[in-house]
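Please keep the sequence and the structure in view while reading.

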Amino acid sequence: MTGALGRVGAAALKPSLLPLGPAVDLSKDRVRRGEMLWNDGSMCFQQWQSCASCHPDGRSDGLNWDLINDGIGNPKNNKSLLLSHKTPPSMSLGVRADFGEASLAGFRFILFREPETKDVEDVKAYISSMQPMPSPHLTRDGKLSAKAEQGKKIFEDSKTGCTSCHPGPLFTDLKLYNVGTKFDLDREAEKFDTATLIELWRTAPYLHSGEARTVQEVLTTHNKNNQHGNTSQLSKDQIEALTEYLLSL
């Protein structure tokens, strides 16, 4: 990694390098090195995938995967790793105590590699450095729309009960619950991690099964027993307002 752009002249075909900025000392910049490892397919056995293959920019690819972290035969929707260093446990079933343990397991069970401690620590530094991106549902000055403001009041209303499991600022209470989302390919597990709602706008489909295509489906079609908040009493307009707020986080 030279930090430079290669250039080849059309006439002489002689390569040259154009520096893109000051040289980076990767031995000191753990975040930069961790990001490089995250996107490096050579870290994988047979070099056919990288961490970024399923988690582009550390987020989700929107697909379901069946991984040996928690046994074969129970695929689950890929999760964004944003704020995972602050929201233990990790994985939908909470099978990893924290993101550090999950990072090591990712090398071992997904990339099939026994990593150096430094590699794991640098990847953890990169994951920890990730910051939420502003939602496109916010106004131009980065504030909630009028509709989202209405949704915020509904979200924070004790009658709806959303904040009992999704309190700010992380919008998760870090616990596992049975909210009636077990589906055909789940085994014994009935309790699932309460995921953060931050950047919900970019993590469709929803629920650990990926069965809900939209946030609105989570609140309606997949919430008939009011286990994802007491939403059955809400009007169509209120559901839309609550959805707009959640997509603004």
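Proline 205 is placed in the loop between strand 6 (192-193) and helix 6. The model is a predicted one. A cis peptide bond, with omega of about 0°, links alanine 204 to proline 205. Leucine 207 also belongs to the loop between strand 6 and helix 6, and its phi is near 75°, a positive value in a residue other than glycine. Leucine 207 counts as buried because its relative accessible area is 18%, under the 20% limit.

Proline 169 lies between helix 5 and strand 5 (176-177), and a cis peptide bond joins it to glycine 168. Methionine 91 is found in the loop between strand 4 (76-77) and helix 3; this residue is partly exposed. As background, most peptide bonds are trans, and most residues other than glycine have a negative phi. The table gathers the backbone angles.

| Site | Angle |
|---|---|
| Glycine 168 and proline 169 | omega about 5° |
| Alanine 204 and proline 205 | omega about 0° |
| Methionine 91 | phi near 75° |
| Leucine 207 | phi near 75° |

The chain as a whole contains seven helices and six strands. Read from the N terminus, their order is β-β-α-α-β-β-α-α-α-β-β-α-α. Along the principal axes, the C-alpha atoms fill a box of roughly 70 × 45 × 30 Å. Of the 249 residues, 41% are buried.

Which residues touch the most other members of the largest nonpolar core? They are Trp38, Phe155 and Leu246, in a core of 39 residues. Among the elements that give two or more residues to this core are helix 1 (30-38), helix 5 (146-156) and helix 7 (236-246). Helix 7 gives the most, with five residues. In general, nonpolar side chains tend to be buried together in soluble globular proteins.

The buried residues of helix 7 include Ile239, Leu242, Tyr245 and Leu246. Those buried residues pack against helix 5 and helix 6. Leaving aside neighbours within four places in sequence, tryptophan 38 has contacts that include Cys51, His55, Leu81, Val123 and Tyr126.

The second largest pocket holds about 190 Å³ of space. Trp48, Trp65, Asp66, Phe109 and Phe112 are among its lining residues. By type, the lining consists of eight nonpolar residues, two polar and one charged.

Terms used
Residues are numbered from 1 along each chain as its sequence is written. This is a predicted model: local features need pLDDT of at least 70, side-chain atom pairs count only at pLDDT 80 or more; totals for chains, interfaces and linings use all residues. Side-chain values use heavy atoms; hydrogens and water are left out. A nonpolar core is a set of buried Ala, Val, Leu, Ile, Met, Phe, Trp, Tyr and Cys residues joined through side-chain atoms within 4.5 Å. Buried means under 20% relative accessible area, exposed over 50%, partly exposed in between (1.4 Å probe, protein chains only). Helices (H or I, at least four residues) and strands (E, at least two) are DSSP runs, numbered from the N terminus. Contact means heavy atoms within 4.5 Å. On a 1 Å grid over the protein atoms alone, a cavity is a set of points where a 1.4 Å probe fits but cannot get out, and a pocket is an open set with protein on both sides within 12 Å along at least five of seven lines; lining residues have an atom within 4 Å of a point. Grid points are joined across faces, edges and corners, and a volume is the space filled by probe spheres set on the points. Ala, Val, Leu, Ile, Met, Phe, Trp, Tyr, Cys and Pro count as nonpolar, Asp, Glu, Lys and Arg as charged, and the others, Gly among them, as polar.
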